[in-house]
Amino acid sequence: MKIKVAKDRCVGHARCNAIAPELLTLDDQGYSNVDCKEVPDELQELARRAEKACPERIISIIED
Ligand code: F3S
């Protein structure tokens, strides 16, 4: 599984980071700095929750 963020459309809600800080990091301004990254097995549930939590709907999951 991979997680992708359309970070050019991030407005800094930071809910992604609150749910999955190990995966969904933020820059100094509080915006997502994630493009696309591999999700370790133990973080897959959190990744799915983070996908649903972004109000801008700019987080997507790519299943293997
Ligand atoms: Fe940005 Fe959505 Fe996270 S707006 S900071 S990707 S919750």
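Student: Where is Leu26 placed?

Tutor: In this predicted model, Leu26 is in the loop between H1 and strand E2 (36-38).

Student: Why is Leu26 called partly exposed?

Tutor: The relative accessibility of Leu26 is 25%. Buried means under 20% and exposed means over 50%, with partly exposed in between. Leu26 therefore counts as partly exposed.

Student: What does Leu26 touch, leaving out residues up to four places away in sequence?

Tutor: Its contacts are Ala14, Cys16, Asn17, Tyr31, Ser32 and Asn33. Take Ala14: Leu26 and Ala14 are 12 residues apart in sequence, and their C-alpha atoms are 7.7 Å apart in space.

Student: Where does Ala14 sit, then?

Tutor: Ala14 belongs to the loop between E1 and H1. Its phi is positive, about 70 degrees, although Ala14 is not a glycine.

Student: What makes Ala14 partly exposed?

Tutor: Ala14 has 28% relative accessibility.

Student: Which other non-glycine residue has a positive phi?

Tutor: Arg57 is one, with phi near 55 degrees. Arg57 is found in the loop between H2 and E3.

Student: Why is Arg57 given the word "exposed"?

Tutor: Exposed means over 50%. Arg57 has 54% relative accessibility, so Arg57 counts as exposed.

Student: And how do you know which class Ala6 falls in?

Tutor: Ala6 has a relative accessible area of 22%. Buried would need a value under 20%, so Ala6 is partly exposed. Ala6 lies in the loop between E1 and H1. Ala6 and Cys36 are 30 residues apart in sequence, with 8.9 Å between their C-alpha atoms.

Student: Now to the helix. Why is Gln44 called buried?

Tutor: The value for Gln44 is 19%. The cut-off for buried is under 20%, so Gln44 is buried. Gln44 lies in helix H2 (residues 44-53). Leaving out residues up to four places away in sequence, Gln44 touches Met1 and Val39.

Student: Which residues of H2 are buried, and what do they pack against?

Tutor: In H2, the buried residues are Gln44, Ala47, Ala50 and Ala53. The buried residues of H2 pack against E1, helix H1 (15-19) and E3.

Student: How many residues make up the largest nonpolar core, and which have the most contacts inside it?

Tutor: The largest nonpolar core has 17 residues. Those with the most contacts inside it are Ile3, Leu23, Leu24, Val39, Ala47 and Ile59. The elements giving two or more residues to this core are strand E1 (2-5), H2 and strand E3 (59-62). In soluble globular proteins, nonpolar side chains tend to be buried together.

Student: What does Ile3 touch, again not counting residues up to four places away in sequence?

Tutor: The contacts of Ile3 include Leu24, Val39, Ala47 and Ile59. Also among them are Asp35, Cys36, Lys37, Ser60 and Ile61.

Student: Which residues are around the ligand?

Tutor: They are Cys10, Val11, Gly12, His13, Ala14, Arg15, Cys16, Leu26, Cys54, Glu56 and Ile58. By class, this shell has 7 nonpolar, 2 polar and 2 charged residues.

Student: What kind of space does the ligand take?

Tutor: The ligand takes the space of the largest cavity.

Definitions and conventions
Residues are numbered from 1 along each chain as its sequence is written. This is a predicted model: local features need pLDDT of at least 70, side-chain atom pairs count only at pLDDT 80 or more; totals for chains, interfaces and linings use all residues. Side-chain values use heavy atoms; hydrogens and water are left out. Helices (H or I, at least four residues) and strands (E, at least two) are DSSP runs, numbered from the N terminus. Buried means under 20% relative accessible area, exposed over 50%, partly exposed in between (1.4 Å probe, protein chains only). Contact means heavy atoms within 4.5 Å. A residue is near a molecule or strand if one of its heavy atoms lies within 4 Å of it. On a 1 Å grid over the protein atoms alone, a cavity is a set of points where a 1.4 Å probe fits but cannot get out, and a pocket is an open set with protein on both sides within 12 Å along at least five of seven lines; lining residues have an atom within 4 Å of a point. A molecule sits in a cavity or pocket if more than half of its atoms lie within 2 Å of its grid points. Ala, Val, Leu, Ile, Met, Phe, Trp, Tyr, Cys and Pro count as nonpolar, Asp, Glu, Lys and Arg as charged, and the others, Gly among them, as polar. A nonpolar core is a set of buried Ala, Val, Leu, Ile, Met, Phe, Trp, Tyr and Cys residues joined through side-chain atoms within 4.5 Å.
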